[in-house]
Amino acid sequence: MKYMDLKDRISEYVDSHIDELVADVMELIGTDSSRSEALPGMPYGKGAAEVLKKGMAIFEKYGFASKNYDNYVITADMNGLEKGLDILAHLDVVPRGDGWTVTDAFKPVIKDGRIYGRGAIDDKGPSMAALLAMRAVRELGIPLKKNVRLILGSDEECGSSDIAYYFSKEKNAPMTFSPDADFPLINIEKGGLAGRFSGRFEKAPSGKARLVSFSGGKTTNVVPNKAHAVVEGIGPDKARETAERSAGRTGASFSIREQDGGIRIDVEGRSAHASTPFMGNNAVTALLDIITELDLCGETAEALKKLYSVFPHGDTDGTAAGVKMSDELSGDLTITLDILEAEDGRISGVFDCRAPICANKENLYDVMAGKLKDAGLFFDEGVKMNPPHHADGNSFFVRTLLDCYEVYSGKKGEPMAIGGGTYVHHIDNGVAFGCEIEGIDNHMHGADEFADIDVLAMSAKIFALSIAELCS
Ligand SMILES: [Zn+2]
């Protein structure tokens with residue numbers, strides 16, 4: 001690295017200006033910048049616009065050329081040269097929530113070397129760490145050949161439409177990092193498909209063994225732990241025997257009772273996060289298991305049977321659906337049927353699929369659409385794949401960031417793959433870089449959210465050296 005000899009001078013600069021960083025972060029926390037009703041010229045409401053105004057004042061105080069993009073994002077530039085590096089962070093926050101004990105969410109305090117308050121770690125602290133890094137590079141006189149732009153958004157928590165607006169006006173830099181996640185660095189984010197589907201069917205003739213209703217799961221993201229169905233034309237003894245066999249196959253627990261001239265079947269499984277469906281026991285697929293074996297008549301029951309052949313109980317890697325895939329960088333595909341509602345004549349449901357970077361429309365979306373179609377089911381309008389995200393882990397960019405991380409953390413820096421998505425999910429050559437570190441739970445999005453001041457200082461040092469190495 002070219003600027004290793006500046007290591008200590010960067011440290012000194014950051015350490016002697018850390019009080020300013022703390023004051024700026026506390027000033028920003030004082031505004032409740034969670035999303036509220038849009039007003040003219042304030043797309044995310046009053047609080048978001050106010051925090052951007054405070055951000056602009058901070059940029060100006062330190063002499064950066066700055067711009068407010070119609071209260072979507074604000075930017076600060078290091079110079080007027082060609083774009084080299086974008087640093088993307090955000091000033092909006094999740095709502096206050098309950099359970100704060102150290103202080104009120106929007107009345108920041110310093111305690112035990114930590115700043116407490118909503119947004120301290122997500123993402124007001126990291127935003128100001130990036131700004132302090134830019135000041136350090138400028139004040140130490142490190143000559144840059146490219147521009148570094150700090151972009152602070154105000155809608156990260158509610159869908160990131162802020163940066164969609166910004167990128168409709170500006171091109172991204174060839175390199176982007178976002179201090180809105182974890183150190184060392186995230187370069188791979190799985191893609192996915194939240195498959196909402198439905199279909200209509202002929203009703204079964206009454207008097208025969210038929211399905212009345214089927215209901216299980218409430219939330220996408222979660223493996224359902226409860227499901228129930230009502231059937232008609234089946235005796236309680238047959239239902240109990242069948243339930244016993246289903247319980248043996250699935251490991252879920254079944255209960256049978258008579259209700260309104262029919263039989264109600266309740267299933268209890270175990271919930272889990274949809275990104276780790278193998279940790280749960282899916283009550284919906286367990287209920288499909290018994291419904292399939294009861295051999296009910298009618299088109300709706302037939303469709304459920306076919307659906308069960310796509311999502312058989314315990315199959316969480318897409319084997320039966322024909323979408324099992326995996327790659328070395330991002331791991332295995334996972335899939336889980338999270339919600340299923342049916343009445344005699346209608347079916348609707350949602351599955352949650354997390355896909356590795358080898359997934360694409362042809363090998364995932366199209367295959368699932370075909371399987372559903374075989375059961376008479378179709379994706380709802382607007383269902384589309386969220387493509388995976390991948391930045392080369394061996395590029396000069398990523399290796400340099402990791403080297404800078406190693407310099408100030410004293411730890412080995414390796415890139416990581418995650419199941420979720422970060423602020424850079426849709427940005428070419430974007431990575432998440434900081435500022436949470438292993439071993440500290442910052443209560444992000446929870447009560448008593450805090451940022452450790454030493455970690456913010458370390459982050460600013462890492463960012464300053466990164467800027468010097470990448471843009472000089
Ligand atoms: Zn965030």
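A residue is classed as buried if 20 or more other C-beta atoms lie within 10 Å of its own, as exposed if 12 or fewer do, and as partly exposed in between, with the C-beta atoms placed from the backbone. The structure is a predicted model, in which local features need pLDDT of at least 70 and side-chain atom pairs count only at pLDDT 80 or more, whereas totals for chains, interfaces and linings use all residues. Residue numbers start from 1 along each chain as its sequence is written.

Helices (H or I, at least four residues) and strands (E, at least two) are DSSP runs, numbered from the N terminus. Helix α2 comprises 16 residues, 46-61. From its first C-alpha to its last, α2 reaches 23 Å, close to the 22 Å expected at 1.5 Å a residue; the expected span is 1.5 Å times one less than the number of residues. The buried residues in α2 are Gly47, Ala48, Ala49, Val51, Leu52, Gly55, Ile58 and Phe59. An α-helix has 3.6 residues a turn, so residues three or four places apart point the same way. The cover over the buried residues of α2 includes α1 (7-29), β1 (65-69), β2 (73-77) and β6 (147-153). Glycine 63, which follows α2, has a positive phi near 75 degrees.

The chain is divided into domain 1 (4-190 + 389-471) and domain 2 (191-379), with bounds that come from an automatic or database domain assignment. The centres of the two domains, taken over C-alpha atoms, are separated by 42 Å. To the contact between them, domain 1 gives 5 residues and domain 2 gives 10 residues; two residues are in contact if their C-beta atoms, placed from the backbone, lie within 7 Å. The side of domain 1 that touches domain 2 consists of 2 nonpolar, 2 polar and 1 charged residues. In this division, Ala, Val, Leu, Ile, Met, Phe, Trp, Tyr, Cys and Pro count as nonpolar, Asp, Glu, Lys and Arg as charged, and the others, Gly among them, as polar.

An open sheet of 3 strands shows the order β4-β5-β26 with antiparallel pairing, where two strands pair if DSSP finds at least two bridges between them. Its edge strands, β4 (109-111) and β26 (450-452), each pair on one side only. Between β4 and strand β5 (residues 114-116) there are 3 bridges, and valine 109 has tyrosine 116 in β5 as its bridge partner. Helix α3 (residues 120-139) lies across β5 and β26 at about 45 degrees to β26. Helix α10 (residues 453-471) also lies across β5 and β26, at about 60 degrees to β26. For these angles, axes are lines fitted to C-alpha atoms, for helices over the stretch in contact, and values run from 0 to 180 degrees between N-to-C directions.

Strand β19 (residues 334-343) is mostly covered, with 8 of its 10 residues buried. Strand β11 (residues 210-216) pairs with β19 in the antiparallel sense over 4 bridges, and β19 pairs with strand β20 (residues 346-355) in the antiparallel sense over 9 bridges. Glutamate 341 of β19 is the bridge partner of serine 215, and its partner in β20 is serine 348. The hairpin of β19 and β20 has 2 residues between the strands, and glycine 345 there takes a positive phi near 115 degrees.

Lysine 145 lies in the loop between α3 and β6. This lysine counts as exposed because 10 C-beta neighbours lie inside 10 Å.
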